[in-house]
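Let us walk through this structure together, one piece at a time. Keep the picture beside you and look up each part as we reach it.

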Amino acid sequence: MATIEARDLRKRFGTTVALDAIDLHVEEGRILGLVGPNGAGKTTALNAILGLTSYQGELKVLGRDPWTERDQLMQNVSFIADVAVLPRWIRVTQLLDYVAGVHPRFDRKKAEGFLARTVIKRTSKVRELSKGMVAQLHLAVVMAIDAKLLVLDEPTLGLDILYRKQFYDSLLNDYFDHSRTIVVTTHQVEEVQDVLTDLMFINRGRIVLQCSMEEFESRYLEVMVNPEHVATARALKPIYERPVFGRSVLLFDHADRDQLASLGEVRRPSIADLFVAVMSNNVAEPPPLPQKATAPEVTT
Amino acid sequence: MNTQPSNTPESTGVSDSAYNKAPTQPFYWSVWRELWENRSIYVAPLIVAVVILFGFLVSTVGMAQRRQSVLLLDQTRQRAVIGVPYDAAAMILIVTAFIVGVFYCLDALHSERRDRSILFWKSLPVSDRTTVLSKAIIPLLVLPVITFGIIVLVQFLMLLWSSVILLPSGLSGTTWTRFNLFQQSLILVYSLIVIALWHAPIYGWALLISGLARRATFLWAVLPPLAIGVLEKIAFNTSHFVSMLKDRVFGAGDTAFAFQPHRGVAIDSLIQLTPGRYLATPGLWIGLAFAAAFVAIAVRQRRYQGPI
């Protein structure tokens, strides 16, 4: 059974289409990064998965319908919707008491262990903690829950780089194992690049790119082309071109590495580079899926 | 579903780590959560209690002389006069609890949306029904219990203090015999139940509005009913709706007690309690039906609500 299975998922707010027939299939043990510009529909998609919003189409999370079975689903799903959703009036001890009292899969000792590594005092109220400490507290609670699926929606928004780094480190080292699944959205794509196993770009309610990270690494290459080879390189139909320090950087999908190496310096693009490329193509041409990258396919 | 013999009988699809499950009490902890967040539920009555006690302290100056003249009156008048501060203390605290309850309900489903914490609460396996009911039980059960405790305590301290004041004059016992604390406590229990049930639709309405309104919950709760009243007055020159509202707020005692003219509003005898007549009042059951409907809509509505 897939962790998340969506077919023809749709959602509109008035005349705005937030989700436009999304098909989604997330297997157990994956870490999926959902990347998209503001208003692309990422949060709406996550909200549908979490039972926070209604939708049309078919959606099953761990075999359940999130909209009608949210409370049972939450025994196996955790989420951090935002950095600042812990109630400001609650004390750390009260928070632990409450979650221990309502959640059958919460391990209080584990949470206390995570908290012991921070400077958060048990008697503090959330309003007395800094933003980074609130994120640490929320993560400590969530990591102590033995959930199948963890959903993170911009979990590090507004945190400084130390906290952001620490956040993903503890997530990987202390939480993730291959029986769990994580779905994360963030604008700081470079920070999650090494964390993800799967990547999905979403724009205007549609999935515009979907691939595993292995696929991403083998498919996409970026070349800083030597000035004399620019015309040759362009003939190979790059999906995107941008100038860097007066030279052209071309991004290729499914190109031959050796051939590209003769044109200039080849490197692996970052998710951010690919994102910009896919998004700008997406804006230019209404039919969105980048299926046209089948130019001079050179096989080895 | 799964016929593999290797599967243990208790493993059901998703949950393979059933051993990890701890017993939970979502409703119990949700009620505690309300008390943590809304300390006014007990702080406000306590402050009022302190004010009452202080006022009583001042009023006992020269009590001994006044008591001498009160004891010259007939039996029922004696009870009426001596009992006044005790009955007043109870009534003030009951009114306080009502005000606290209404404002609590107006905020209950609004504050979690205002501070976005609804996203955290909804990340836990607690149903909307449990959440809303844990809020509804505050004015219907928790506040009455707290009010009962505080009223009995206040009356006991007042009795104690009056005994001390009257000790030199040898009249200490006269208050205890005129104001029977045990019997008054029984009457108080009855009164609190009667009032809570009568006010249930008010609390339900406030709860519903707190889950619906984006802001100004008080105005949304109060103005539409008033508008209906005004409309009725202008259109038909009648005021049934307004008198119905008035009855809902102030009318709890009308059928629950047999007031006696010479005793004023004081209830000092169990004979004055008329539960049969109260239970036979259609208004009680209509009100409870409305309360249940409001709460049911609030439960349903919470599923659609997110941060505002």
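A:Asp8 sits in strand β1 (residues 4-13) of chain A; helices (H or I, at least four residues) and strands (E, at least two) are DSSP runs, numbered from the N terminus. Its phi is near 55 degrees, a positive value in a residue other than glycine. A:Asp8 is partly exposed, with 14 other C-beta atoms within 10 Å. Here is the scale behind that word: a residue is buried if 20 or more other C-beta atoms lie within 10 Å of its own, exposed if 12 or fewer, and partly exposed in between, with C-beta atoms placed from the backbone.

Before going on, please note that this is a predicted model, in which local features need pLDDT of at least 70 and side-chain atom pairs count only at pLDDT 80 or more, while totals for chains, interfaces and linings use all residues. Residues are numbered from 1 along each chain as its sequence is written, and chains are lettered from A and ligands numbered from 1 in the order in which they are written.

Chain B has a residue with a positive phi too: for B:Asn237, which is not glycine, the value is near 55 degrees. B:Asn237 is found in the loop between α9 (217-236) and α10 (240-250) of chain B. Is B:Asn237 buried or exposed? It counts as exposed, with 7 C-beta neighbours inside 10 Å.

Now step back to view chain A as a whole. Its secondary structure comes to 11 helices and 13 strands, and its C-alpha atoms fill a box of roughly 65 × 40 × 35 Å, taken along the principal axes. Of the 300 residues in chain A, 45% count as buried.

Next, the sheets. Strands of a sheet pair through backbone hydrogen bonds, either parallel or antiparallel. In the terms used here, two strands pair if DSSP finds at least two bridges between them. One open sheet of 6 strands in chain A has mixed pairing and the order β5-β6-β7-β3-β8-β9. Its edge strands are β5 (77-80) and β9 (206-212) of chain A, each pairing on one side only. Within chain A, strand β3 (residues 31-35) and strand β7 (residues 181-185) pair in the parallel sense over 4 bridges, and A:Leu34 stands opposite A:Thr185 in β7(A). Helix α1 (residues 42-49) of chain A packs on this sheet, touching β3, β6 (149-153), β7 and β8 of chain A, and its direction makes about 150 degrees with that of β6(A). Such axes are lines fitted to C-alpha atoms, for helices over the stretch in contact, and angles run from 0 to 180 degrees between N-to-C directions. Two residues are in contact if their C-beta atoms, placed from the backbone, lie within 7 Å.

Another strand to find is β12 (residues 247-253) of chain A, where 5 of the 7 residues are buried. Strand β10 (residues 220-225) of chain A pairs with β12(A) in the antiparallel sense over 6 bridges, and A:Glu222 stands opposite A:Leu251. Strand β11 (residues 240-244) of chain A also runs antiparallel to β12(A), joined to it by 5 bridges; here A:Glu241 stands opposite A:Leu250. The hairpin of β11(A) and β12(A) has 2 residues between the strands, and in it A:Phe245 takes a positive phi near 50 degrees.

What about the inside? In soluble globular proteins, nonpolar side chains tend to be buried together. A nonpolar core is a set of buried Ala, Val, Leu, Ile, Met, Phe, Trp, Tyr and Cys residues joined through C-beta atoms within 7 Å. The largest one has 98 residues, of which A:Val77, A:Val151 and A:Met200 touch the most other members. Helix α5 (residues 131-143) of chain A gives the largest share of this core, 8 residues. Leaving aside neighbours within four places in sequence, the contacts of A:Val151 include A:Leu46, A:Val77 and A:Val183. A second, separate core of 56 residues includes B:Val132 and B:Met158.

Finally, look where the two chains meet. The contact takes 26 residues from chain B and 30 residues from chain A. On the chain B side, α1(B) provides the largest share, 6 residues.
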